[in-house]
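Dear colleague,

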Amino acid sequence: MAKVRPSAVAPEPAAVTTSITSGAVASPAEDEQPTVLTVWRKSLLFNCDGFTVFDVRGDLAFRVDCYGSGRRAEVVLMDKAGKPLLTVRRKRLTLAEHWIIYDGDAASSDGKSKPLLSVRRHVSLRASKALAHVTPLATAAEAYVVEGSYGRRACAVRDARGEAVAEVRRKESVGDDVFRLVADPRLGAALAMGLVIALDEMFAGGGGSARSLLRRTWSA
């Protein structure tokens with residue numbers, strides 16, 4: 001079986017931070033490096049779907065454990081100890097797939113969970129590189145567009161200047177279920193992983209209709 005955990009590279013990328021800012025964009029130090037994660041599209045728990053995410057040292061960074069299969073109403077991103085960091089929730093009664101990313105556990109009764117990002121699937125009759133549109137909800141920060149192909153594990157979240165704030169990259173010789181996620185400190189590792197969850201539900205995890213749409217409409 002191919003190795004899932006990453007080997008260290010030089011220079012070493014930034015350590016993973018699990019903190020969530022009140023907005024979608026942080027103000028990193030000038031010398032802060034992107035965070036490189038290895039994402040395994042599998043839960044470590046028996047009979048669960050989800051994700052297991054490792055940092056550059058091979059240590060567990062994030063986890064997603066979903067009981068059952070099929071279309072989900074929400075998915076929770078947790079840290080390695082199981083603390084909820086983000087809730088990715090499907091918005092109901094919309095023509096295009098639309099997900100909202102909340103801070104923490106949106107199902108908690110304390111009412112402290114705030115919406116951070118809106119992720120709406122791109123819908124157009126014309127050929128386009130766009131997969132989804134991301135709008136910050138907690139601040140007046142600029143919007144993003146997701147371009148490329150999530151199915152081929154080659155897509156990027158770009159700002160208005162075309163600069164990537166997160167990238168999904170294929171990991172050599174391990175198939176589609178293991179890939180790299182590079183998160184710029186302006187977005188942060190946790191929110192970048194939240195966007196991956198939304199993309200996976202839109203284009204890979206939501207059943208046969210999403211996969212057939214992928215084959216017909218995705219760009220390279």
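The strands form a closed barrel of 12, running in order from β1 to β12 with antiparallel pairing, where two strands pair if DSSP finds at least two bridges between them, and where strands (E, at least two residues) and helices (H or I, at least four) are DSSP runs numbered from the N terminus. Neighbouring strands are turned by 20° against each other on average, direction ignored; axes are lines fitted to C-alpha atoms, for helices over the stretch in contact, with angles from 0 to 180 degrees between N-to-C directions.

This is a predicted model, in which local features need pLDDT of at least 70 and side-chain atom pairs count only at pLDDT 80 or more, while totals for chains, interfaces and linings use all residues. Residues are numbered from 1 along each chain as its sequence is written, and side-chain values use heavy atoms, with hydrogens and water left out.

Strands β2 (residues 48–54) and β3 (residues 60–67) run antiparallel and are joined by seven bridges, with C48 standing opposite Y67 in β3. Helix α1 (residues 189–203) packs on the sheet and touches strands including β1 (35–40) and β7 (115–121), its direction making about 30° with that of β7; contact means heavy atoms within 4.5 Å.

Strand β9 is mostly covered, since five of its six residues are buried (under 20% relative accessible area, with exposed over 50% and partly exposed in between, for a 1.4 Å probe and protein chains only). Four antiparallel bridges pair β8 with β9, and V134 has Y144 as its bridge partner in β9.

Best wishes
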